[in-house]
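Colleague: I have not looked at this structure before. Please take me through how to read its features.

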Amino acid sequence: MNLAQIEEQLHAEGFSHTYVWQDGPNTHYADHTHARETAHIILEGEMSLTMDGESRTYRVGERCDVPAGAVHSARMGPKGCRYLIGEK
């Protein structure tokens, strides 16, 4: 799927706001929460997400969803990460 198709799919799932975000190599976000559910689709690079004591690395084409209010942290890979975010 191309970017427009992915955005269309997110909108169909109820994600009202979508945008592309990019982080540099090894960028780290300490534990935090979001007020709304978010979806992250990796476009370039990789992101390791830790939530509920478990870490998983997401790569190009993979999606991770974070429920509203869930405490989580993230670390970008050595080449950074560019990803599409959907917010409900």
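This is a predicted model: local features need pLDDT of at least 70, side-chain atom pairs count only at pLDDT 80 or more; totals for chains, interfaces and linings use all residues.

Colleague: Which residues lie nearest the centre of the largest pocket?

Modeller: H32, H34, H40, Y83 and I85 lie nearest its centre, out of a lining of 15 residues. Two or more lining residues come from each of β1 (17-23), β2 (28-32), β3 (38-51) and β6 (72-87). The largest share belongs to β6, with 6 residues.

Colleague: What classes of residue make up the lining of the largest pocket?

Modeller: The lining has 9 nonpolar, 5 polar and 1 charged residues.

Colleague: Take H40 from that list. Is H40 buried or exposed?

Modeller: The cut-off to keep in mind is that buried means under 20% relative accessible area. H40 has a relative accessible area of 9%, so H40 is buried. H40 lies in strand β3. Not counting residues up to four places away in sequence, H40 touches M47, E62, R63, C64, V66, Y83, L84 and I85. One of these, Y83, is also among the residues nearest the centre of the largest pocket.

Colleague: Staying with strands, how should I picture the side chains?

Modeller: In a regular strand the side chains alternate between the two faces of the sheet. For this structure, we can go on to how β3 is paired.

Colleague: In which sense do β3 and β4 pair, and over how many bridges?

Modeller: Strand β4 covers residues 54-59, and β3 pairs with β4 in the antiparallel sense over 6 bridges. As an example, M47 has Y58 as its bridge partner in β4. The hairpin of β3 and β4 has 2 residues between the strands.

Colleague: What about T38, and where is its place?

Modeller: T38 is in strand β3. T38 is buried because its relative accessible area is 2%, and the limit for buried is under 20%. Leaving aside neighbours within four places in sequence, T38 is in contact with F15, C64, D65, V66, G86 and E87. T38 and H17 are 21 residues apart along the chain, and their C-alpha atoms are separated by 9.6 Å.

Colleague: And L49: buried or exposed?

Modeller: L49 has 5% relative accessibility, so L49 counts as buried. This residue too lies in strand β3. Leaving aside neighbours within four places in sequence, its contacts are E54, S55, R56, Y58, C64, V66, H72, S73 and A74.

Colleague: Now the cores. How many residues has the largest nonpolar core, and which have the most contacts inside it?

Modeller: It has 13 residues, and I42, M47, L49, M76, C81 and Y83 have the most contacts inside it. At least two residues of this core come from each of β3, β5 (63-66) and β6. The largest share, 5 residues, is from β6. There is also a second, separate core of 6 residues, including I6, F15, A39 and L84.

Colleague: Where are N26 and D52 found?

Modeller: N26 is in the loop between β1 and β2, and D52 is in the loop between β3 and β4. As for accessibility, N26 counts as partly exposed at 46%, whereas D52 is exposed, with a relative accessible area of 72%.

Methods: Residues are numbered from 1 along each chain as its sequence is written. Side-chain values use heavy atoms; hydrogens and water are left out. On a 1 Å grid over the protein atoms alone, a cavity is a set of points where a 1.4 Å probe fits but cannot get out, and a pocket is an open set with protein on both sides within 12 Å along at least five of seven lines; lining residues have an atom within 4 Å of a point. Helices (H or I, at least four residues) and strands (E, at least two) are DSSP runs, numbered from the N terminus. Ala, Val, Leu, Ile, Met, Phe, Trp, Tyr, Cys and Pro count as nonpolar, Asp, Glu, Lys and Arg as charged, and the others, Gly among them, as polar. Buried means under 20% relative accessible area, exposed over 50%, partly exposed in between (1.4 Å probe, protein chains only). Contact means heavy atoms within 4.5 Å. Two strands pair if DSSP finds at least two bridges between them. A nonpolar core is a set of buried Ala, Val, Leu, Ile, Met, Phe, Trp, Tyr and Cys residues joined through side-chain atoms within 4.5 Å.
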